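Biologist: I am new to this structure. Could you walk me through how to read its features?
Modeller: Gladly. Let us look at it together.

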Amino acid sequence: MKTLIACYSYSGRTFTVSQKLQKHINADLVRIEPVKDRWYMIKAVHAYLEKKWPIKPCTTDINDYDCLIVSCPIWASRTPPGVNQYMEELKNTSGKKCAALVTMGGNGSQIATTQIRNTLEDKGMEFVDKLVIGKTAQESGGWEAMTQEFAGKFIE
């Protein structure tokens, strides 16, 4: 299954997890980057309000892929504004598989993963699964085993 991982990472932790997953499943990896960075509190408020921010050009036409994994941190229990914009810009999604990979320092993954799932299903995609990596797994290194297990769902 040809897979694209679309990753937004603020601190680099989410990108590290995405790179590990990329190696496990031999996927392509693209970074979602806002055109303009903003102060953390503004980011959190805009995430909570489910706003969208302009992003730098990246792969949004997934015609050549069978599966898309959206990877991001969770802010204010929701997806970051750049990720919201990315999902809006996606093209050729119908009939493709999708998944969510989120990292977080607190609670609230359910809203964010539901946001990703609903947005992608509305575009005609089939949701496979989600991987939620919390602070404890990040600090203990447990995220590596979690990522390897999650990868098994995308290897043919």
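Biologist: Let me begin with one residue. Does Gln85 count as buried or exposed?
Modeller: First, a reminder: this is a predicted model. The cut-off for buried is under 20% relative accessible area. Gln85 has 14% relative accessibility, so it counts as buried.

Biologist: Where is Gln85, and which residues does Gln85 touch?
Modeller: Gln85 sits in helix H3, residues 81-89. Leaving aside residues up to four places away in sequence, Gln85 touches Lys52, Trp53, Pro54 and Ile55.

Biologist: Now the sheet. How do I read strand pairing?
Modeller: Strands of a sheet pair through backbone hydrogen bonds, either parallel or antiparallel. Here five strands form an open sheet, in the order S2-S1-S3-S4-S5. The pairing is parallel.

Biologist: Which are the edge strands?
Modeller: S2 (28-31) and S5 are the edge strands, and each pairs on one side only. From one strand to the next, the twist averages 20 degrees.

Biologist: How many bridges join S1 to S3?
Modeller: Five bridges join S1, residues 3-7, to S3, and the two run parallel. Thr3 stands opposite Cys67 in S3.

Biologist: And how many bridges pair S3 with S4?
Modeller: Seven, again in the parallel sense. Cys72 stands opposite Val102 in S4. S4 also pairs with S5 over seven bridges, in the parallel sense. There, Val102 stands opposite Val132 in S5.

Biologist: Why is S3 described as largely enclosed?
Modeller: Count the buried residues. Seven of the seven residues of S3 (67-73) are buried, so the rest of the structure largely encloses the strand. Both faces are covered. Cys67, Ile69, Ser71 and Pro73 are buried on one side, and Leu68, Val70 and Cys72 on the other.

Biologist: What unit do S3, H3 and S4 make?
Modeller: They make a right-handed β-α-β unit. That brings back H3, the helix that holds Gln85.

Biologist: Which strands does H1 lie across?
Modeller: H1 lies across S1, S2, S3, S4 and S5. H1 runs at about 175 degrees to S1.

Biologist: What about H6? Which strands does H6 touch?
Modeller: H6 packs on the sheet and touches S4 and S5. The direction of H6 makes about 170 degrees with that of S5.

Biologist: How do I find the faces of a helix?
Modeller: An α-helix has 3.6 residues a turn, so residues three or four places apart point the same way. Now take H6, residues 143-151: Trp143, Thr147, Phe150 and Ala151 are buried. Seen down the axis of H6, these buried residues fall within an arc of 100 degrees, so they line one face of the helix. The face turned away from the buried side carries the exposed residues Ala145, Gln148 and Glu149.

Biologist: Last topic: cysteines. How many disulfides does the count give?
Modeller: A disulfide is a covalent bond between the sulfur atoms of two cysteines. The cut-off is a sulfur pair within 2.5 Å. The count here comes to zero disulfides. For Cys7, the closest cysteine sulfur is in Cys72, 8.3 Å away, too far for a bond. Cys98 is in no disulfide either, as the nearest cysteine sulfur, that of Cys67, is 7.1 Å away.

Biologist: Are Cys7 and Cys98 buried or exposed?
Modeller: Cys7 is buried, with a relative accessible area of 0%. Cys98 counts as buried too, at 0% relative accessibility.

Key:
Residues are numbered from 1 along each chain as its sequence is written. This is a predicted model: local features need pLDDT of at least 70, side-chain atom pairs count only at pLDDT 80 or more; totals for chains, interfaces and linings use all residues. Side-chain values use heavy atoms; hydrogens and water are left out. Buried means under 20% relative accessible area, exposed over 50%, partly exposed in between (1.4 Å probe, protein chains only). Helices (H or I, at least four residues) and strands (E, at least two) are DSSP runs, numbered from the N terminus. The arc is that of the directions from the helix axis to the C-beta atoms. Contact means heavy atoms within 4.5 Å. Two strands pair if DSSP finds at least two bridges between them. A crossover is right-handed if, with the strands pointing away from the viewer, the path from the first strand over the helix to the second runs clockwise. Axes are lines fitted to C-alpha atoms, for helices over the stretch in contact, and angles run from 0 to 180 degrees between N-to-C directions.
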